[in-house]
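Please open the model in your viewer and keep the selection panel at hand.

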Amino acid sequence: MLVVMARRPRRQVWLGAALACIGSVAAAAADHDTIPPVTACDRLHQESSAAMRVSEAQSRPAAGGMAAHCEVIAYLDERTGAEGQKLAIGLHLRLPEAWNGRFVFQGQGGTDGVLGSGDAQPGGGQPTALNQGYATVTTDAGHSNAPGPLGGASFGLDPQARIDFGYRADDAVTRQAKRFIQAYYGRLPKYSYFLGCSNGGRHGMVITQRFPEHFDGVAAGAPAFRMPEKGLSGAAVTQGFAAIAPKAPDGRPILAQALSQADMDLLSRAIVQSCDEADGLADGIIDNVPACRFSPRALQCAAEKTASCLSAAQVGALENYFQGPTTAQGRRIYAPYPYDAGIATEGWRRWILGTAPDSRVNAFNVSFGATLAYLYMTPPHVPLANDADAVYDFYRTVDVTEAHARIFGTSAAMPQSSVQTISANSVDLSTFRQRRGKLLLYHGVSDPTFSALDTLDWYKRLTDAAGGEKETADFARLFLVPGMNHCAGGPATDSFDVLTPLVAWVEQGRAPERIDARAGAKTPWPDRSRPLCPYPRQARYLGQGSIEQAANFSCAVP
Ligand code: CA
């Protein structure tokens with residue numbers, strides 16, 4: 001009952017405004033009306049309090065491709081952290097002069113720590129949410145990244161900063177942003193949305209699980225909802241590839257050479273050959289993900305390594321990655337990864353192997369070494385030199401079984417543990433569902449860092465918890481994006497707008513049956529479009545017309 005009551009005042013505000021303006025309660029008609037401010041932007045300085053410093057509240061005329069708006073920067077709960085560092089939850093809010101009555105929170109990637117522009121990118125080449133009339137906000141999630149490879153992780157030494165990054169900033173920033181909106185326009189937003197990919201996708205899942213009353217719609221891409229598991233598993237993956245890499249003169253492995261580009265192209269071609277047509281169309285896109293049963297052993301050299309085969313060591317390291325590394329006791333640390341067409345692209349290599357020609361590795365995966373040491377382990381593994389080589393050496397030598405016990409053993413029950421603060425693995429979304437919240441998940445099948453199969457596994461667990469496929473599809477849908485790497489890239493139709501379908505779902509009850517997406521300029525087929533389909537449905541060619549056009553495909557149950 002409390003849930004329903006909490007929602008009612010917002011509905012009434014919206015209905016009242018719509019009636020007053022146009023004499024109709026039709027949401028579509030109300031879209032054309034905008035709400036002007038009721039106060040001057042700089043008066044928002046008056047919102048400052050002991051708990052919040054408003055550092056900026058300034059009217060911005062339309063410029064630089066940004067619509068006219070009131071820009072607010074504020075810091076909540078400024079304090080000195082456990083290591084003497086200055087900490088606060090930064091908030092960056094933009095309030096358009098012509099407001100559409102809605103609010104978008106843009107979650108950020110990495111480990112936050114940067115106060116981004118926050119004008120919210122909905123994707124698909126659409127204008128920013130700000131330019132569409134939304135009030136937008138973003139946050140640094142409670143810390144500023146310091147210089148060096150440890151800079152984005154060292155906040156983990158402060159237990160409160162872990163909590164702020166994990167979830168508290170999502171709550172605090174949302175509440176404060178809505179207070180600013182109320183002060184500036186004289187009313188609360190009629191609808192609130194959250195957008196984010198990667199760590200931003202994790203924040204989206206956090207919101208549906210921990211703060212289910214704040215948002216009406218959440219779009220979560222490639223969600224980092226099991227970040228500690230992935231960070232540790234990535235160490236085992238790196239160790240597997242480092243073990244087969246040629247050695248530099250300094251004795252350390254040249255990670256980028258564990259597999260050459262030609263090796264990865266060979267693997268990708270074999271996967272496509274094996275799995276592409278399982279969806280009925282040989283188009284370079286593997287739509288039938290569950291049906292793809294590939295093994296790199298099919299490519300293993302009978303004798304010497306040649307250009308047309310992979311060495312037994314390479315096959316072993318690839319299996320370690322794709323199947324998902326295990327502890328010494330045989331327990332899988334994270335998730336398996338799907339065999340897909342997008343693993344030979346730059347967007348895969350730069351995460352897993354990097355491109356460095358020597359032992360100074362530049363693979364993004366190694367950035368997890370810093371977060372593993374300072375953020376996922378409780379207590380943290382310190383000290384670690386703030387130096388890329390030191391972080392790499394830690395990551396490629398850490399005992400993953402021991403680290404697993406440290407992360408998921410007794411310390412997991414501690415309030416500052418990464419399991420308690422960062423993970424967003426619950427499938428109890430009952431409050432979010434009860435108040436008619438909508439969750440739109442998407443994940444690139446060739447994502448090398450967070451596995452699409454892990455998100456799919458979560459979605460299946462959600463389906464079990466929610467009482468079935470149909471019941472779940474009423475409030476949560478997962479769109480797999482074949483070929484796409486982490487949030488974008490790869491031989492994929494990776495350009496799509498998530499905000500428009502989410503708004504239609506929330507405000508008009510039109511659930512997204514498909515999301516049409518376009519291919520990027522770097523793909524083999526830059527003019528291609530495809531429907532992205534809600535799991536378990538998959539894109540199927542209708543048998544007539546160009547295979548480059550989404551209109552000639554349906555979303556079908558395989
Ligand atoms: Ca296909």
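Which strands does helix 14 (residues 452–466) lie across? Select this helix: helix 14 lies across strand 8 and strand 9, and runs at about 155° to strand 9. Helices (H or I, at least four residues) and strands (E, at least two) are DSSP runs, numbered from the N terminus. Axes are lines fitted to C-alpha atoms, for helices over the stretch in contact, and angles run from 0 to 180 degrees between N-to-C directions.

The model is a predicted one, in which local features need pLDDT of at least 70 and side-chain atom pairs pLDDT 80 or more, whereas totals for chains, interfaces and linings use all residues. Residues are numbered from 1 along each chain as its sequence is written, and side-chain values use heavy atoms, with hydrogens and water left out.

Nine strands form an open, mixed sheet in the order 1-2-3-5-4-6-7-8-9; two strands pair if DSSP finds at least two bridges between them. At the edges are strand 1 (52–60) and strand 9, each pairing on one side only. Neighbouring strands are turned by 15° against each other on average, direction ignored.

Proceed to the aromatic rings, of which the structure holds 21 pairs. Rings of Phe, Tyr and Trp (its six-membered ring) pair if their centres lie within 6.5 Å; planes under 30 degrees apart count as stacked, over 60 as edge-to-face and the rest as tilted. Select Trp99 and Tyr185, a stacked pair at 4.1 Å centre to centre with 15° between the planes. Because Trp99 lies in the loop between strand 3 (86–96) and strand 4 (102–106) and Tyr185 in helix 3 (residues 159–185), the pair ties together parts that are 86 residues apart in sequence. Trp99 is buried, at 0% relative accessible area, and Tyr185 is buried at 1%; buried means under 20% relative accessible area, exposed over 50%, partly exposed in between (1.4 Å probe, protein chains only).

Finally, centre the view on the calcium ion. Its protein donors are Asp276 (O), Asp276 (OD), Asp279 (OD), Asp279 (OD), Leu281 (O), Asp283 (OD) and Ile285 (O), lying 2.2 to 2.7 Å from the ion. Donors are N, O and S atoms within 2.8 Å of the metal (3.2 Å for Na, K and Ca); water is not among the atoms, so sites may look incomplete. Asp283 and Ile285 are both buried.

Notes
Contact = heavy atoms within 4.5 Å.
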